[in-house]
Amino acid sequence: MTTKTLSVAVIGAGMAGTTHANAWRQVGTVYDLGLPRIRLATIADTYLPFAEDAAERYGYERAVDDWRQVADDPTIDIVSIVVGNALHREIAEAMIKAGKHVLCEKPLADTLENARAMAEAERNAGVVTSVGFTYRRNAAVAEIAKLVAEGHLGEINHFEGRYWCDYGVDPNTPMAWRYRGPMGSGALGDVGSHLIDTAETICGPLVSVSGGAMTTAIKERPVAKGHVTRGTALDTVDLTMEPVTNDDVATFTGHFANGAVGTFSVSRVAWNMPNAMMIDVLGTKGRASWDMARCGEIKIDDTNSPAGLGGARQVLVNPDFPYFARGSSMAFGGVGLTQIEQFTYQAHAFLQQVAGVEGLPPCASFADGYREMRITDAVARSAAANGAAVDLTGLTD
């Protein structure tokens, strides 16, 4: 077992930032021993009270209000970047230059130009860089991907995916970076990025998209006076309003290299659906489904059912599924999982890459994040062209 210690900083103390903070705190509790020890060094946020609160809650040594203090600290080895998309490139390039390993939240950046630059920086970085597609680490999703890869469901012909959230359904939710930017950078860029990566994890690469359609349901939002977090609704009296420039809802169809077709739907204004991701995978010998509301199970219907007793059956996540056996302190079917564990599994995999130790599959790269953004850009171009098909076969360059 190594006695080396690596120091971690998290930039951003919002909901996702504190989830990263928790993951780094838990990273040594799962899977095999022998990885470097973690020193919980710094939480950074432009609003210092948020950083101080997160540092106190999750056991980090200090809180700062400027991410540059993290870049300038030679004792920090690993950085999670969990801030507005427009800041990703600047911070990531500074951290790479400072010799720090970088785990950046999705989507990779705010624009294709910045995402491309980050992917190029990765090639000669000399450090580990990754984008946070955590659903790759969900035990149930990974099991469905395994069933597909092993041919258990036969030839896959249809993927259906929905990711519906309600964080923007209240028109009094204040204006924020999420609501600024071109069409395709809203719900599609936010939650759709996870859905697209999950679809390709299960079914392989998309080769075209078509039928793109988008709408901005809430045309303007109040501008907050002061700091708010987690979409706090405001009293709009005497407040300035600002137009929303990107998509609240997006849908499209995709074709996979294996011949399957995919249908995709994303929303940030789905009433009373706080965080609802659902997938269905259908093949010639079976079908499998997963719903994040029941994160620790899949439903499967296949040729194993006795005659007359066909139908979807519930299968609880258990030690035969990927990630679960050594990723839970009570690893048996029925214990269940939440969305939180997959952040810990991601952190563990990232730490293995930093340490040069084989184990979990490697994390998604900046190049993967750039590819996903090129797909969302293609969907936006499809929508702008009244649903015209857009070819994706050149996205490997």
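Which residue forms a salt bridge with Arg136? That was my opening question for this model, which is a predicted one.

**Entry 1: Arg136**

I found the partner to be Asp368, with the closest N and O atoms 3.9 Å apart. I then checked where the two sit: Arg136 is in the loop between β6 (129-132) and α6, while Asp368 is in helix α10. They are 232 residues apart, so I noted this pair as one that links distant parts of the chain. Arg136 counts as partly exposed because its relative accessibility is 26%. Asp368 comes out at 29%, and I wrote it down as partly exposed too.

Next I looked up the second largest pocket, and its volume is about 270 Å³. It is lined by 16 residues, and the closest to its centre are Arg136, Asp197, Glu200, Thr201 and Asp368. Helices α6 (139-149), α7 (187-203) and α10 (366-384) each give two or more residues to the lining. I sorted the lining by kind and got eight nonpolar residues, one polar and seven charged.

I picked out a few.

Asp53 and Arg57 meet through their side chains at 2.6 Å, N to O. Both lie in helix α2 (residues 48-58), four residues apart, which is about one turn of the helix. Asp53 is partly exposed, since its relative accessibility is 37%. Arg57 reaches 57%, which is over the 50% cut-off, so it counts as exposed.

Arg313 pairs with Asp302, and here the closest N and O atoms are 3.1 Å apart. Arg313 is in strand β16 (residues 313-316) and Asp302 in strand β15 (residues 297-302), 11 residues apart. Is Asp302 buried or exposed? I have it as buried, because its relative accessible area is 8%. Arg313 is partly exposed at 32%.

I also noted a network: Asp66, Arg68 and Glu90 are joined by salt bridges that share partners.

**Entry 2: Asn114**

Last, I looked up Asn114, which has its place in helix α5 (residues 112-123). Its relative accessibility is 15%, under the 20% cut-off, so Asn114 counts as buried. What does it touch, leaving aside its neighbours within four places in sequence? I found Asn114 in contact with Arg89 and Ala109.

Conventions. Residues numbered from 1 in each chain as written. Predicted model: local features only at pLDDT ≥ 70, side-chain atom pairs only at ≥ 80, totals over all residues. Heavy atoms only, no water. 1 Å grid on protein atoms, 1.4 Å probe; cavity = no way out; pocket = protein on both sides within 12 Å on 5 of 7 lines; lining within 4 Å. Points joined across faces, edges and corners; volume = space filled by probe spheres on them. Nonpolar A, V, L, I, M, F, W, Y, C, P; charged D, E, K, R; others polar. Buried < 20%, exposed > 50% of the residue type's maximum accessible area, 1.4 Å probe, protein only. Contact = heavy atoms within 4.5 Å. Salt bridge = Lys/Arg side-chain N within 4 Å of Asp/Glu carboxyl O.
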